[in-house]
Amino acid sequence: MKSNHKIIFSGPVGAGKTTAITSISDIPTVRTEEAASDETKDLKDTTTVALDYGAIILQDDTRIHLYGTPGQKRFDFMWEILTNGGIGLLLLIDGSDSNAINNLKFFLSSFKNFINKTSVVVGITKQDVNKKYNLQDYQEVLDKGLPVVPIFEIDARSKKDVSLMVETLLYTLDPKISI
Amino acid sequence: MNIQHNSKLKISLNNLDTITQNTLKFFFKSKLCEKAELFINDDNANVLIIDLDRHYNKEIIPNLKKNNQYVIFLHNEMNTPISEENTYNVTKPVQVKYLKQQISFISQRINDTEKDDIVSGKENTKSITTTAKHVHSKPSSQPFGLINNKSDTQNFKNNHLDMALKKSTESSTLNQYKAHKHVGSNRDINPDNPEELKKIYHNPKKYLYHHLVQAVKLGKNNKTDILIKTLFGNLYFDYNSQNILHSFNKAKMRYFRSSPLFIETKIVKNSLSEKSKKEYTISQNAESLIWQSAINASKGRVPLGTSLTQTIEMTSWPNFSRLLIFRYVIQIAAAWSTHHMSLLDTASQLKIPQRYIFTLYNAMLAIESANINNVINNTTKLNSDKRKSVFSKILSHIFNH
């Protein structure tokens with residue numbers, strides 16, 4: 001039986017989780033978006049209410065599952081379930097949101113146990129739209145010392161950018177990977 | 001009417017670097033001379049060959065296509081092909097067979113278009129060697145061609161590009177061409193041999209990147225613009241935009257970045273009017289230019305006095321999604337971000353040639369995301385994750401799709 005592995009995409013509403021999964025998924029992304037009815041309504045028309053699902057399918061048919069968590073904090077009970085057994089976390093933060101720094105702190109704190117066991121890569125999206133902070137501002141809220149958390153400006157629509165995040169995640173887990 | 005069917009295509013290589021230009025010249029001379037002639041700079045060319053990997057900002061590409069020519073984009077597999085009218089894509093490693101195929105196809109389309117024009121009585125009498133807009137008159141029905149055939153490299157004997165673009169058995173992502181261009185070709189040195197040791201040091205003060213770093217520091221500390229006077233022309237750090245302004249073309253800039261010429265450089269506080277700033281024709285993000293200049297200056301070397309045995313202190317990850325990267329960069333940075341390692345340990349533990357490690361360190365030092373740690377001197381040993389083989393497969397997958 002083939003082993004299954006999963007990579008978790010998380011971050012606040014509108015950060016680009018669904019888009020990022022779609023960028024690298026080898027299958028059509030399963031979206032569970034519904035019309036937004038709460039505070040999300042002000043941010044986007046639809047939002048992920050359960051999870052997004054995509055997959056990378058390797059040559060030997062091994063599936064690397066890509067799960068996107070719902071962005072609303074009231075769904076945080078799902079986060080622990082979803083992260084169970086995950087390879088690591090790709091955290092997307094909407095850089096055009098004036099609350100972006102707090103969002104970064106919140107999500108790093110919420111996923112602390114998972115991150116400590118695995119690894120995290122942060123992608124700041126929409127920096128070209130309406131940049132609220134520089135990368136240094138995000139870096140300053142992180143703990144000093146090792147491990148140094150990777151933070152990149154990314155475009156969630158770009159396969160290249162999302163692939164860079166996956167590559168970085170894997171190398172931080174094992175810098176000796178050879179291909 | 002003076003229609004010249006089967007005339008040679010005019011192909012512009014203006015947007016390629018010199019090495020690629022020379023290599024393509026070699027190609028065309030030996031394989032494609034009957035179909036095309038090359039021009040380094042010709043706005044009326046029928047076909048542009050553009051290295052997509054050199055253009056991080058794809059929005060500038062329409063500007064390159066001044067006369068709506070056909071375009072062949074060369075790109076690596078990580079870069080998304082461009083799907084536009086009259087646009088063709090060839091993935092690297094470039095194979096003569098497929099480049100030739102695309103050129104033949106374009107040539108055929110141009111001839112077909114001209115025949116159609118004659119039949120329809122259009123007053124388009126210029127030969128294809130004089131107009132490019134003309135060939136754009138019909139939309140291409142051909143879907144963009146993503147060429148990814150792994151065979152037929154046997155006849156590809158151009159030494160430089162063969163070395164440079166041939167698919168590596170170790171990695172197909174970042175080709176050897178880029179790597180060789182950026183990290184030089186220094187062999188690993190024995191640090192106990194003083195003669196060999198000399199080869200891996202350079203004096204930063206002789207290179208542009210050092211002066212850019214000083215200028216940006218001074219500008220940021222004083223919240224002011226800075227003028228950088230060199231023997232060969234001025235550069236200007238614009239504090240508000242955090243950009244470096246200059247008027248050097250690509251070739252000249254590359255020469256400046258990599259040549260030890262800047263010992264006479266002076267940095268002075270300055271304040272130009274917006275109008276005067278516009279006299280500089282090029283504006284580049286300061287960090288990006290410093291990064292690239294540090295790589296070009298390093299070419300596998302580190303600044304004089306750098307300890308090869310003390311551990312590296314990485315303070316932040318460079319914004320790799322927006323900076324020039326070369327082979328092994330993520331792997332090396334990942335090792336430094338999670339473990340205490342010296343430059344030499346990094347090379348030996350990761351089994352990566354020292355020149356890659358030295359070049360990355362030099363660039364990270366220049367943008368202040370790494371330095372030598374004078375406190376912690378214990379190297380940690382890298383252990384492999386039990387899922388290493390799966391990780392390896394995932395990486396192969398994302399690099400090849």
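Let me start at one loop in chain A, where D61(A) sits between strand 4 (52–57) and strand 5 (63–68); helices (H or I, at least four residues) and strands (E, at least two) are DSSP runs, numbered from the N terminus. The phi angle of D61(A) is near 75°, a positive value in a residue other than glycine, and D61(A) counts as exposed because its relative accessibility is 56%, where exposed means over 50% relative accessible area, buried under 20%, and partly exposed in between, with a 1.4 Å probe and protein chains only.

Before I go on, please keep in mind that this is a predicted model, in which local features need pLDDT of at least 70 and side-chain atom pairs count only at pLDDT 80 or more, while totals for chains, interfaces and linings use all residues. Residues are numbered from 1 along each chain as its sequence is written, chains are lettered from A and ligands numbered from 1 in the order in which they are written, and side-chain values use heavy atoms, with hydrogens and water left out.

Now to chain B, which has 14 helices and 15 strands, and in which buried residues make up 53% of the 401 residues. Why is helix 11 of chain B described as largely enclosed by the rest of the structure? Nine of the ten residues of this helix (residues 329–338) are buried, so the rest of the structure largely encloses it. Those buried residues, W336(B) being one of them, pack against helix 7 (159–173) of chain A, and also against strand 14 (312–314), helix 12 (343–350) and helix 13 (354–366) of chain B.

That brings us to the meeting of the two chains, where the contact (heavy atoms within 4.5 Å) takes 44 residues from chain B and 39 residues from chain A. Between the chains there are two salt bridges, each a side-chain nitrogen of Lys or Arg within 4 Å of a carboxyl oxygen of Asp or Glu. In one of these, D161(A) pairs with R322(B), and the closest N and O atoms are 3.0 Å apart. On the side of chain B that touches chain A, the elements giving two or more residues are helix 11, helix 12 and helix 14 (388–400), and helix 14 gives the most, with eleven residues.
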